[in-house]
Amino acid sequence: MSYKKDMSKYEHLEGWERCGFGEQLDKWAEKYGERTAVTDSEDEISYMELKQKADCLAAAFLRKGILKGDKVLVQLPNRISFVIVFFALSKIGAVPIMMLPAHREAELEGIIELAKPAAYIVVEKYLGFSYVPMANAMKEKYSCIRHIFVDSESGDISGMIAETCGENGAFPAVDGYETAVLLLSGGTTGVPKLIPRTHTDYMYNARMSAKRCRLDSSDVYLASLPVAHNFPLCCPGLLGTLDVGGKVVLASATSPDDILDAITEEGVTITALVPAMVTVCMEMLEWDENYDISSLRILQVGGAMLEDSLADKIIEEWPCKLMQVFGTAEGLLSFTSPEDEGSLIARCQGTPVSPADEVKIVDEEDKAVPEGVFGELLSRGPYTIDGYYMAEEANKKSFTPDGFYRTGDKAMWTKDGRLRLGGRIKEQINRAGEKIMPSEIEAYLCRHSKIKEAAVVGVPDETLGNRICAFLVTDDEAGIDLQEIHRFLREIGIAAYKMPDQIERVETWPLTSVGKIDKKALERMAQEK
Ligand code: J2J
């Protein structure tokens, strides 16, 4: 029997509430009424309107036959309809699967086979890509998908809201300990992993994050990363900001001009970025003096290693507090505090956000290592999952028998009792905050008729953190170029962020002493090129 988390252990915690997100929204609407809850590039919506629209859409989902417990693929960019859909599904106890707009057929198929969603909600078009043909193809291939709902100006979602408005739907009861969302685990191997978060633990996650940020109703939170991602969704993100009555600004794309425009125009007080985005925003600020970021109170930076020099530069040049954020969609969050000294903030990722978080740093035999020594970071606690969704085998590897999640990250305790991350133990590429498993890309590459063998590594890169380099043994004398690889991978249908940035041909592999491909040697070779 594997370890099962005992939720009753956490019931005394401040911020822990056995309640569904649908009910939370009702309470917020009551409390914050006509205040603006969310704005996007086209519209804004008050707390009360958000509740009303979520009620209408929930009733419409029920009418279409979406049932409590049904899984629903949600693939929407940062816009108000995302928020309405999230709460509408919560209200009827249906479970959104948080796809990213970047995902394509290959990612979708893995998830659909695992979770058997009853419906698929897509945006009609985003950043030049039309999602409807892809959605239809999925529906045709997988009979579990009974409905496609399209979010467009004249499309299903707004029509459904209009149709049922005014109806007083009776919704199924939702228990806070039921699953609220399925998040995508960063970097999957062949079989994708889904992260089940309950209403209660996820709300607690948002509240503890908000508390660490000292968030209140005067705050304006900018979500510029895709809001389906745990960081802008709940750390404190969208959900944490709504809980305190603040305003959420949804930027439609993660580009430096969108981010800086939004900060300037909306008086943003807090936002979350990955290190690669901070660098490009800084460059933009250097040559365009029209931006005004003086409203910023906190800049959260996380998702990938933040170089000491970049941390120092942010502290020196930005008019706000840097908050280093170590986060995982599986749970554990560790942030610095706004009250910490700059010199400390620049060199650590702070402390876990909940007093009930249990964190261990261990050696290869799972024995605790002393302060100042790197080991693997393990965690267990109120908002950390005790297993992936329907993944018995993966769970044996990813969790200890007593329920600690193995992050696969290298970390140590500093002498001030803070966590400092030191890269990955497990093989995973972190490209500008997006997580990629080499084995997944290797499998795709080997489907190419000219490629006999492939080995993929992450190579240190000044801008991206890691760039993806694919080493190939090919059949063809003339070789194969990067463009051809990209074309081929696009045809398979994979997210653009997984495309190799560099390819190298090899005749033979460098091997380790036990005869495995020596990926460290490949990394060095890629760097030298
Ligand atoms: C080094 N590596 C980091 C950091 C995450 C907030 C912020 C990020 C995520 C996230 C998140 C890091 N320094 N500061 O969910 O709520 C790497 C680690 C970790 C993995 C988790 C959040 N912050 N990482 O990135 O689930 O390798 O969540 O295990 O996508 O990102 O990835 P993910």
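Tutor: Happy to! Keep in mind that this is a predicted model. Let's begin with D481, which sits in the loop between strand 25 (465-474) and helix 16 (482-492).

Student: Why is D481 called partly exposed?

Tutor: Its relative accessibility is 39%. Buried means under 20% and exposed means over 50%, with partly exposed in between, so D481 at 39% counts as partly exposed.

Student: And where is D481 relative to S41?

Tutor: The two are 440 residues apart in sequence, and their C-alpha atoms are 39 Å apart in space.

Student: Now D243, please. Why does D243 count as buried?

Tutor: D243 belongs to helix 9 (residues 237-244). Its relative accessibility is 15%, and the cut-off for buried is under 20%, so D243 counts as buried.

Student: What makes the pairing of D243 and W28 a polar contact?

Tutor: Their side chains are joined at 2.9 Å, and a polar contact needs a pair of N or O atoms within 3.5 Å. The side chain of D243 also makes a polar contact with the side chain of R207, again given as 2.9 Å.

Student: What about D288? Why is there no salt bridge for D288?

Tutor: D288 lies in the loop between helix 11 (275-287) and strand 14 (298-302), and it is buried. The nearest side chain of opposite charge is K313, 16 Å away. D288 does have a polar neighbour, though: a polar atom of its side chain lies 2.9 Å from the backbone nitrogen of N290.

Student: Let's turn to the ligand. Which residues come nearest to the ligand?

Tutor: Of the 19 residues around it, N230, C235, V325, D409 and K435 come nearest.

Student: How much of the ligand does the protein cover?

Tutor: The protein covers 95% of the 610 Å² of accessible area that the ligand has on its own.

Student: And which strand gives the most to the shell around the ligand?

Tutor: Strand 15 does, with four residues. By class, the shell has eight nonpolar, eight polar and three charged residues.

Technical notes
Residues are numbered from 1 along each chain as its sequence is written. This is a predicted model: local features need pLDDT of at least 70, side-chain atom pairs count only at pLDDT 80 or more; totals for chains, interfaces and linings use all residues. Side-chain values use heavy atoms; hydrogens and water are left out. Helices (H or I, at least four residues) and strands (E, at least two) are DSSP runs, numbered from the N terminus. Buried means under 20% relative accessible area, exposed over 50%, partly exposed in between (1.4 Å probe, protein chains only). Lys and Arg count as positive and Asp and Glu as negative; His and the chain ends are not counted. A salt bridge is a side-chain nitrogen of Lys or Arg within 4 Å of a carboxyl oxygen of Asp or Glu. A polar contact is a pair of N or O atoms within 3.5 Å; within protein, one must be able to donate a hydrogen and the other to accept it, and residues adjacent in sequence count only if both atoms are side-chain atoms. A residue is near a molecule or strand if one of its heavy atoms lies within 4 Å of it. Accessible areas come from the Shrake-Rupley method with a 1.4 Å probe; for residues, only the protein chains shown count as cover. Ala, Val, Leu, Ile, Met, Phe, Trp, Tyr, Cys and Pro count as nonpolar, Asp, Glu, Lys and Arg as charged, and the others, Gly among them, as polar.
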